[in-house]
Amino acid sequence: MNRPSDSPKPRILLVDDEPNILSSYSRILSRSWSVTTAPDGEAGLRAIADGEPFPVVVSDFRMPRMDGAVFLAKVKELSPDTTRIMLTGELDFKVAMQAVNEGNIYRFLTKPCPPELLNSALENGLHQYELIQTEKAAREQEIRIAGEIQQTLLLGKIPAESGSARIASMSLPSQVVDGDFIDFVAYRPDCFDLLVGDVMGKGLHSAMIGAGTKNAFARAIGRLAVEACTAGLCRLPEPESILRRVQEDLGGDLLELGSFATLIYTRFDLSAGTMTWVEAGHTPTLVYSAGSGTITRLKGSCPPLGFPQLRPYSQTVQPVGPGDLVLLYSDGFTDRRNAAGAFFGVEGLEAALREGHAEAPDTLLQRIFRQVSEFGGDTPFADDLTAILVKLL
């Protein structure tokens, strides 16, 4: 393998309990490699844990306290991408082959091993490591692009206002792309639908299912509207009818895929002062009443999309008025844990709404996210976070 003369030497780790062998190999290989040596498995593991990754690790098999097979298995746990090579005597051939079959090492070399053969094995091992890194970089690039596409095209465009309502939204994936989805459908400024959904799992798989589920709602609204017009009825399809149609179209497919989606679908009719909602196994929607200062949890009893339907989805009408707040969200908020293992919970969201009810929706939603983030400390978010906050004026 030809490398540029000014490129840094690739790092390798040699582990052997015989100092003469370590010294000899190190002296020969140091012309082309940055060589680190260790006299036993414990020292080798410390070297791996304390520094940058080693593209290639070479270990003798027969060593005291920890043999090479056990050592290289632990290397795989610490540094899965590292290419692992074993040096073994002829009497240990059967054990070495067992290590190969178990996937703990890339290949083995018999002792005594000529320097030329060892160097060739190192070059091949480095090539294997670089291939893995290239594939990982390509996957990460694909996921990054998928995240950009999701943010640009697949997540609904939520306006900052519609009629007398002010709206704020956010979606934060835990793995670049997420299984949460949102949408906004406007019929007129004072009448619009909001959708918040959460697909089981995370990552690209869930994001694709979320995109398909969201598109199913758009198709259902269109088909129901056409059916109504054909029947001579000039009216909007009800939220419960929309969700039932989506379940008919998509529920069986989700069941076959072994996935499901929870969601809340709402229709705001500002002129009538109502919010009509239908829910499928989702987190409770919170409604803060400006008049009484109380918070109502809107929670249905119907199962998620993709579950067997024991009864049809049904909608409920909730009165809303000036100054009221409505928070639709995914369980990434409530499932956030602190160092003691306690959940942020619905109670945490309710406290944030009471504390910031006078603020603008975008300011209050940022406050909620900040409180949830600080509640969990430095722990990464384990789930996606999505929310829409509506304030009526």
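**View 1. Ser59 sits within strand β3 of this predicted model.** Let us start with one residue and look around it. Is Ser59 buried or exposed? Its relative accessibility is 0%, so Ser59 counts as buried, the cut-off being under 20%. Leaving aside residues up to four places away in sequence, Ser59 touches Val15, Gly68, Phe71, Leu72, Ile85, Met86 and Leu87.

**View 2. Strand β3 belongs to an open, parallel sheet of five strands.** Reading across the sheet, the order is β2-β1-β3-β4-β5. Which strands lie at the edges? They are β2 (34-38) and β5, each of which pairs on one side only. Ignoring direction, neighbouring strands here are turned by 20° against each other on average. For a closer look at one pair, follow β4 (residues 83-88) alongside β5, where four bridges join the two in the parallel sense. Helix α2 (residues 41-50) lies across β1 (11-15), β2 and β3, and runs at about 165° to β1.

**View 3. The loop between β3 (56-60) and α3 (68-78) holds Arg65.** The backbone deserves a glance at this residue: phi of Arg65 is near 70°, a positive value in a residue other than glycine. Is Arg65 buried or exposed? Arg65 counts as exposed because its relative accessibility is 66%, and the cut-off for exposed is over 50%.

**View 4. A cis peptide bond leads from Lys111 to Pro112.** Omega for this bond is near -5°. Where is Pro112 found? Look in the loop between β5 (107-110) and α5 (115-154).

**View 5. A second open sheet of five strands is antiparallel.** Its strands come in the order β8-β9-β10-β11-β14. At the edges are β8 (180-188) and β14 (316-319), each pairing on one side only. From one strand to the next, the twist averages 20°. How many bridges join β11 and β14? There are four, and β11 (residues 274-280) pairs with β14 in the antiparallel sense. To find your place along this pair, look for Thr274, which stands opposite Pro319 in β14.

**View 6. Strand β16 (residues 385-392) is mostly covered, with eight of its eight residues buried.** Cover comes on both faces of β16. On one side, Leu385, Ala387, Leu389 and Lys391 are all buried, and so are Thr386, Ile388, Val390 and Leu392 on the other. Note that a lysine, Lys391, is among the buried residues. Which strands pair with β16? Strand β7 (residues 165-172) is one of them, running antiparallel to β16 and joined to it by eight bridges. Along that pair, Ala168 stands opposite Leu389 in β16. Strand β15 (residues 325-329) also pairs with β16 in the antiparallel sense, over five bridges. Here Leu328 is the residue standing opposite Ile388 in β16.

**View 7. Helices α8 (residues 345-356) and α9 (residues 361-375) pack against each other.** The angle between them is about 140°, and their axes are 10 Å apart. That angle makes α8 oblique to α9, since roughly antiparallel would call for an angle over 145 degrees. The crossing of α8 past α9 is right-handed. Which residues make the contact? From α8 come Leu349, Ala352, Leu353, Glu355 and Gly356, while α9 supplies Leu364, Arg367, Ile368 and Gln371.

**View 8. Stepping back, the protein has nine helices and 16 strands.** Of its 393 residues, 47% count as buried. Taking contacts between residues at least 6 apart in sequence, 66% join residues at least 24 apart. The protein exposes about 18,900 Å², and carbon and sulfur atoms supply 55% of that area.

Terms used. Residues numbered from 1 in each chain as written. Predicted model: local features only at pLDDT ≥ 70, side-chain atom pairs only at ≥ 80, totals over all residues. Heavy atoms only, no water. Buried < 20%, exposed > 50% of the residue type's maximum accessible area, 1.4 Å probe, protein only. Contact = heavy atoms within 4.5 Å. Areas by Shrake-Rupley, 256 points an atom, 1.4 Å probe, with all protein chains shown as cover. Pairing = 2+ DSSP bridges. Axes fitted to C-alpha atoms, helices over the stretch in contact; angles between N-to-C directions. Parallel < 35°, antiparallel > 145°, perpendicular 65-115°, else oblique. Left-handed = near helix turned anticlockwise from the far one by under 90°.
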